Each structure stands twice: as structure tokens, then as C-alpha cells.
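These are my notes on the model you sent. They are set out as numbered points, to be read beside the sequence and the structure.

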Amino acid sequence: MQAHFLPWHTEVAREWLGAKERFAHAWLIHGLAGIGKREFAFAAAASLLCESPLKGLACGQCPACGWVAKGNHPDLKRIRPEAVAVDEGLELAEDDSGALEEVVTPESGGATKRAPSKDIRVEQIRALEPWFNNATHRGGWRVALIYPAEALTTISGNTLLKVLEEPPPSTIFLLVADAPDRLLPTLLSRCRRLPLATPSVDIARQWLKYKDVQHANDWLAAAGGAPLLAKQQSESEKSPCPDWIVDLLTSLEQNRPLDIGTVADKLSKSSAKTWLDALQRLSIDLSLSAHGLPCRYYPSMQKQLHSIGTSERTIAFTQLTAWLNEQKRVAGHPLSAKLFAQAVLQRLLQTCKINTSGHK
Ligand SMILES: [Zn+2]
């Protein structure tokens with residue numbers, strides 16, 4: 001992981017770190033998904049641990065900066081779900097399977113294979129105790145990065161709350177969240193907030209071009225202005241507007257029948273959060289169209305959006321957007337991924353007042 005602040009966050013970081021003598025022991029770093037909050041938290045940890053910071057920021061040269069870069073600074077801990085750790089390239093240890101669910105996969109011929117947990121488990125918080133109880137290794141700060149904080153369960157969140165109520169000495173907790181409203185209110189009340197802004201379109205576009213992302217404008221629009229998300233999607237998706245949304249909108253516009261079973265099947269194979277985000281963007285674009293405004297996320301589908309997003313459906317689209325947001329809360333644990341996707345698509349089509357056989 002890089003320990004540099006992204007260009008649009010450097011100034012706020014300097015200001016924030018400059019007030020270190022009044023530093024709170026727990027911070028909630030929040031803002032839109034995909035603007036670089038984790039990068040910010042990691043660079044902040046590096047700056048707090050650096051032994052010869054330059055104007056408050058990590059020097060990148062001292063032993064502490066070297067350990068942070070290699071991921072082995074003894075005064076830095078990353079507390080994140082196993083699934084996130086695996087995405088970061090960590091191999092799961094065989095010996096800590098105690099509290100983990102086991103899944104049977106057909107590929108393993110019925111043998112059990114453990115699925116990486118999507119939660120921050122209470123064991124992970126409890127395991128920090130010896131670390132808190134000893135003096136820091138380098139005599140400075142000790143930093144605990146917790147991300148995404150939404151992955152804290154009620155139990156692990158409450159266990160963390162107890163720690164924050166009587167914070168260990170020289171320790172700074174940096175919690176990172178896209179959606180602070182999904183955290184325990186008691187936990188929120190123990191954290192100072194540090195909201196991070198979304199960069200301006202110009203700065204984000206410049207950064208994407210520097211990162212060699214083609215059609216930066218469209219990717220940035222589809223990602224709601226979040227440059228890191230735009231870059232990630234440009235690497236993993238074929239086009240800024242997902243194919244299935246193009247098909248969906250085209251069918252709706254032409255009043256053609258749509259086989260939602262096939263679409264649901266396809267969606268159920270990817271992360272529910274990803275396709276729910278895409279549907280939410282679609283819903284907002286439909287809402288804007290219903291108000292006669294240009295769409296924000298999928299400008300290439302403007303024609304179809306305007307024909308479906310008609311003014312008498314204004315309220316229905318607003319309700320749909322809120323309903324989709326609600327679905328994200330349960331998205332991590334649906335009983336059946338396919339049935340869940342099917343139910344969501346059904347609701348979308350109902351709002352567009354077109355039934356699945358294609359008749360209005
Ligand atoms: Zn340093």
C-alpha cells in the first residue's frame with residue numbers, strides 16, 4: 001500500500017496533522033466511496049509514525065516509513081475483514097479458522113473450504129489487547145486502522161466501543177467508512193469526524209488521464225465523480241455503462257419483453273453491492289430525467305433514460321432510489337443471491353410500469 005496522500009487530499013491532511021497536539025484518539029474518516037479514504041488513512045498512519053516528518057507528512061526515508069511501506073511496522077495494525085485482506089493479497093492462515101463459517105463448494109468435491117469473512121470479527125478486536133497493554137515499540141504513537149468500519153458487527157462494534165471509552169495510551173484509531181449512518185450511534189459518538197471531499201471534476205479527470213484511463217469523463221460520471229472507483233471500474237468493466245443496464249434500458253424503451261431470470265442469474269455471480277450501486281445510479285438518472293434534467297451517471301444512455309423517466313414517475317423514482325439504498329443493508333447476506341437480484345429487478349420494472357412479459 002502506498003503511503004502518499006492523493007493530490008486532492010494533501011492540503012486537508014497537512015492542516016489536520018498540523019493540529020496534532022489537540023489530536024483526538026479516535027477519528028472517523030468518511031466520504032463518498034472511491035475517493036481514496038483508505039489511501040488517506042494509510043498515509044495518515046505513516047505520517048503519525050514517521051520519525052522525521054516533513055511539514056507533518058511522512059518523509060518516506062526513515063526506518064518507520066520503511067516498515068510502514070513493507071507492512072511490518074510494529075506500532076501499526078490494520079483491522080479489516082478477511083475478505084478485504086484477501087483482496088489486498090493476504091493468504092489466509094489455516095490455523096485461525098475457529099470462528100469462521102465453512103462452505104461446501106462443488107469444485108472441492110464436497111470437501112469443506114472456508115469462505116473469507118466479510119465482517120470484522122470480535123476476535124480481531126479482542127486480539128489487540130496485548131498490543132494496547134504494552135508500551136509502543138518506537139516510543140511514539142500506535143495506530144489502529146479499521147476499515148471499512150461498516151464491517152464491524154454489533155458485537156465487535158460494542159467491543160471496540162469499550163476500548164474507545166477507556167482508550168489505551170498513545171493510541172490513535174482511524175476508522176474509515178463510506179456510510180457512517182450504518183455504524184452504531186454509540187461508536188459514532190466516540191469518534192471525531194473527518195469528512196473527506198470528492199475532488200473537483202477537473203482534478204479527478206487530470207488524475208485519471210495521468211493514470212492512462214481512456215474516456216476518463218464517462219468513467220468518472222459512472223463512478224459519481226469518485227476517481228479511484230472510476231479507475232478500478234475502467235480496469236474491470238468493459239464500458240462505463242454496464243452491458244446489462246444498456247440491455248435493460250433498451251428493452252424498456254422499446255417495450256420489448258425482458259427475461260429478468262437471465263439478468264438476475266448474471267448479477268447473482270457478482271457482488272450485490274456493485275450491481276445495487278449501478279441500479280441506484282440508474283434510478284437517480286431516471287429521477288433526473290423525470291425532472292427534465294440531464295442525467296449524471298450514464299450520459300451515453302440519455303435518450304433511453306429520457307423516454308423511460310417521465311414526469312408522472314418522479315415520486316416513484318425517488319422512492320426506488322431510497323428502497324435500493326435500503327437493500328444494500330441486506331445485500332451482504334441474502335438467502336439466495338439470484339432470488340434477491342430477481343426481486344430487485346422486479347421492483348425496478350414495476351417502477352418503470354412495465355411488466356416482465358413486456359406489456360405496459
Ligand atoms: Zn519517515
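**Notes on the predicted model**

1. Start with helices α2 and α3. The axes of helix α2 (residues 37-49) and helix α3 (residues 63-70) come within 9 Å of each other and cross at roughly 155 degrees. Angles over 145 degrees count as roughly antiparallel, and α2 and α3 are therefore described that way. The crossing of α2 past α3 is right-handed. On the α2 side the contact is made by A45, A46 and L49, and on the α3 side by A64, C65 and V68. By residue class, this contact has six nonpolar residues, no polar ones and no charged ones.

2. The model is predicted, so confidence should be read along with the geometry. Mean pLDDT for the protein chain is 88, and 90% of its residues reach 70 or more. Residues 94-111 have a pLDDT below 50, and in the model this stretch has 14 contacts beyond near neighbours in sequence. Residues 355-360 also have a pLDDT below 50, with 12 contacts beyond near neighbours in sequence.

3. For the chain as a whole, the secondary structure comes to 17 helices and seven strands. Of the 360 residues in the protein chain, 36% are buried. Taking contacts between residues at least 6 apart in sequence, 69% join residues at least 24 apart.

4. Next, the pair α14 and α16. Helix α14 (residues 272-290) and helix α16 (residues 314-330) have axes that come within 9 Å and cross at roughly 165 degrees. With a cut-off of over 145 degrees for roughly antiparallel, α14 and α16 are therefore roughly antiparallel to each other. The crossing of α14 and α16 is left-handed. From α14 the contact takes in K273, L276, L279, Q280, S283, I284, L286, S287 and A290, which meet T314, F317, T318, L320, T321, L324, N325, Q327 and K328 of α16. The residues of this contact divide into eight nonpolar, eight polar and two charged.

5. A further helix pair is α13 and α17. Helix α13 (residues 260-267) packs with helix α17 (residues 337-351) at an angle of about 125 degrees, and their axes are 8 Å apart. The two helices are therefore oblique to each other. Their crossing is right-handed. In α13 the residues involved are I260, G261, V263, A264, D265 and L267, and they meet K338, A341, Q342, L345 and Q346 in α17. The contact of α13 with α17 is made up of six nonpolar, three polar and two charged residues.

6. Is L229 buried or exposed? L229 is found in helix α11 (residues 227-236). L229 counts as buried because it has 20 C-beta neighbours inside 10 Å, and the cut-off for buried is 20 or more. Leaving out residues up to four places away in sequence, L229 touches A33, G34 and A223. L229 and A33 are 196 residues apart in sequence, with their C-alpha atoms 7.3 Å apart in space.

7. K209 is found in helix α9 (residues 201-210). K209 counts as exposed because 11 other C-beta atoms lie within 10 Å, where 12 or fewer is the limit for exposed. K209 and K231 are 22 residues apart along the chain, and their C-alpha atoms are separated by 9.9 Å.

8. Some backbone details deserve a check. Most residues other than glycine have a negative phi, and most peptide bonds are trans. The peptide bond from Y147 to P148 is cis, with omega near -20 degrees. P148 is placed in the loop between β5 (142-146) and α7 (154-165).

9. Which loop holds S170? S170 is in the loop between α7 and β6 (171-177). S170 is not a glycine, yet its phi is positive, about 50 degrees. S170 counts as partly exposed because it has 15 C-beta neighbours inside 10 Å.

10. H215 also has a positive phi, near 50 degrees, in a residue other than glycine. H215 lies in the loop between α9 and α10 (216-222). With 15 C-beta neighbours inside 10 Å, H215 counts as partly exposed.

Definitions and conventions:
Residues are numbered from 1 along each chain as its sequence is written. This is a predicted model: local features need pLDDT of at least 70, side-chain atom pairs count only at pLDDT 80 or more; totals for chains, interfaces and linings use all residues. Helices (H or I, at least four residues) and strands (E, at least two) are DSSP runs, numbered from the N terminus. Two residues are in contact if their C-beta atoms, placed from the backbone, lie within 7 Å. pLDDT is the predictor's confidence in each residue, from 0 to 100. Axes are lines fitted to C-alpha atoms, for helices over the stretch in contact, and angles run from 0 to 180 degrees between N-to-C directions. Angles under 35 degrees count as roughly parallel, over 145 as roughly antiparallel, 65 to 115 as roughly perpendicular and the rest as oblique. A crossing is left-handed if the near helix is turned anticlockwise from the far one by less than a right angle, and right-handed if clockwise. Ala, Val, Leu, Ile, Met, Phe, Trp, Tyr, Cys and Pro count as nonpolar, Asp, Glu, Lys and Arg as charged, and the others, Gly among them, as polar.
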